[in-house]
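Please look over the sequence and the model shown here before reading the briefing that follows, which is grouped by topic.

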Amino acid sequence: MINYIGHSGYDMAQTNGLLQKVRGELPADTWLALYLTAAIPLGEPFDRDISRDFGIEALCKFQLQLVDKESAHQYHPAAIAALYAHFAKGHLVITWELDSIIADPNAQ
């Protein structure tokens, strides 16, 4: 499964609260094509080092998984934009797997 990984500068409780807001904000059919996990602890020290390489002091991480790859392209841009919009600048970096940063589409 191909995933986006969110590296959050907030603790797990704060991150899960923001993720819940995103789940409620987007249309229900979004979540048929995508799955937004709950926040999980960082794997030490690997995840912390990876997050630093991406420019964030992450406290936890989560995934946005593409469940229905054929229709996910219709929904994942809005989901990524909503995630960045709910996290304060500098408190979230979304990556494609652990390969590259997905830029905040709201920061134009």
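**Aromatic pairs and nonpolar cores**

Tyr10 is buried, with a relative accessible area of 16%, where buried stands for under 20% relative accessible area, exposed for over 50% and partly exposed for what lies in between, with a 1.4 Å probe and protein chains only. The model is a predicted one, in which local features need pLDDT of at least 70 and side-chain atom pairs count only at pLDDT 80 or more, while totals for chains, interfaces and linings use all residues. Residues are numbered from 1 along each chain as its sequence is written, and side-chain values use heavy atoms, with hydrogens and water left out.

**Aromatic pairs**

- Three aromatic pairs are counted, under the rule that rings of Phe, Tyr and Trp (its six-membered ring) pair if their centres lie within 6.5 Å, with planes under 30 degrees apart counted as stacked, over 60 as edge-to-face and the rest as tilted.
- Tyr4 and Trp96 form an edge-to-face pair, 4.7 Å centre to centre with 70° between the planes.
- This pair links distant parts of the chain, with Tyr4 in strand 1 (residues 3-8) and Trp96 in strand 5, 92 residues apart; helices (H or I, at least four residues) and strands (E, at least two) are DSSP runs, numbered from the N terminus.
- Tyr4 is buried at a relative accessible area of 7%, whereas Trp96 is partly exposed at 27%.
- Tyr10 and Phe87 form a tilted pair, 5.8 Å centre to centre with 35° between the planes.
- Because Tyr10 lies in the loop between strand 1 and helix 1 and Phe87 in the loop between helix 4 and strand 5, the pair ties together parts that are 77 residues apart in sequence.
- Phe87 is buried, with a relative accessible area of 4%, and ring pairs link Tyr10, Phe62 and Phe87 into a cluster.

**Nonpolar cores**

- The largest nonpolar core has 22 residues, of which Leu64, Leu83 and Phe87 touch the most other members; such a core is a set of buried Ala, Val, Leu, Ile, Met, Phe, Trp, Tyr and Cys residues joined through side-chain atoms within 4.5 Å.
- The largest share of this core, five residues, comes from helix 4.
- Leu83 touches Leu19, Val22, Leu36, Phe62, Leu64, Leu92 and Ile94, not counting residues up to four places away in sequence, where contact means heavy atoms within 4.5 Å.

**Backbone at Glu97**

- Glu97, in the loop between strand 5 and strand 6 (100-102), has a positive phi of about 50° although it is not a glycine.
- Glu97 is partly exposed, with a relative accessible area of 26%.
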